[in-house]
Amino acid sequence: MARNSIRRIVVATDFSRPANQALKYACAFAESFGAELHVLHVVVEPLPLPAPDGAWIRPEDAVPGMVEKAHRDLAAATDGVKLKAGRLIRSIEVGLPIEQ
């Protein structure tokens with residue numbers, strides 16, 4: 001009988017302290033199995049909001065900046081991750097976390 005092995009691990013992050021703890025645990029788990037580690041952050045599209053000048057901030061105008069910031073934050077959160085046996089993959093998605 002073939003022994004099952006873990007080849008991929010996915011950990012989601014919202015950059016909170018508990019998410020950072022989960023990332024550390026996932027790194028150790030990935031290292032012990034030589035697995036790929038996929039770190040995912042989901043940018044939630046905001047609702048239209050009124051701006052101070054009376055105009056509206058549209059989600060389609062806000063999302064690119066939010067995604068850019070998420071890329072910087074994800075890079076910072078995973079900067080110290082060094083996997084000897086596996087590979088680190090960073091992903092940013094736009095939508096609702098429950099759907100990703």
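Which exposed residues does the face of α1 turned away from its buried side carry? They are Arg17, Pro18, Lys24, Tyr25 and Ser32, where exposed means over 50% relative accessible area, buried under 20%, and partly exposed in between (1.4 Å probe, protein chains only). The model behind this is predicted, with local features needing pLDDT of at least 70 and side-chain atom pairs counting only at pLDDT 80 or more, while totals for chains, interfaces and linings use all residues. Residues are numbered from 1 along each chain as its sequence is written, and side-chain values use heavy atoms, with hydrogens and water left out.

The protein chain has two helices and five strands, laid out along the sequence as β-α-β-β-β-α-β. Helices (H or I, at least four residues) and strands (E, at least two) are DSSP runs numbered from the N terminus. As for overall shape, the radius of gyration, taken over C-alpha atoms, is 17 Å, against the value near 13 Å that a compact globule of 100 residues would have (the globule rule being 2.2 Å times the number of residues to the power 0.38). The C-alpha atoms fill a box of roughly 65 × 30 × 20 Å along the principal axes, and 28% of the 100 residues count as buried.

Back to α1, residues 17–33: its 17 residues should span 24 Å at 1.5 Å a residue, and the end C-alpha atoms sit 25 Å apart, which agrees (the expected span is 1.5 Å times one less than the number of residues). Its buried residues are Ala19, Leu23, Ala26, Cys27 and Ala30. They take up an arc of only 110° around the axis, so they fall on the same side of α1; the arc is that of the directions from the helix axis to the C-beta atoms. Their cover includes β1 (8–12), β2 (36–43) and α2 (59–77). After the helix comes glycine 34, with a positive phi near 65°.

The largest nonpolar core has 17 residues, with Ile9, Val11, Leu23, Ala30, Leu37, Val39 and Ile92 making the most contacts inside it. β1, α1, β2 and α2 each put in at least two residues of this core. Such a core is a set of buried Ala, Val, Leu, Ile, Met, Phe, Trp, Tyr and Cys residues joined through side-chain atoms within 4.5 Å. Leaving out residues up to four places away in sequence, alanine 30 touches Ile9, Ala35, Leu37 and Leu83 (contact means heavy atoms within 4.5 Å).
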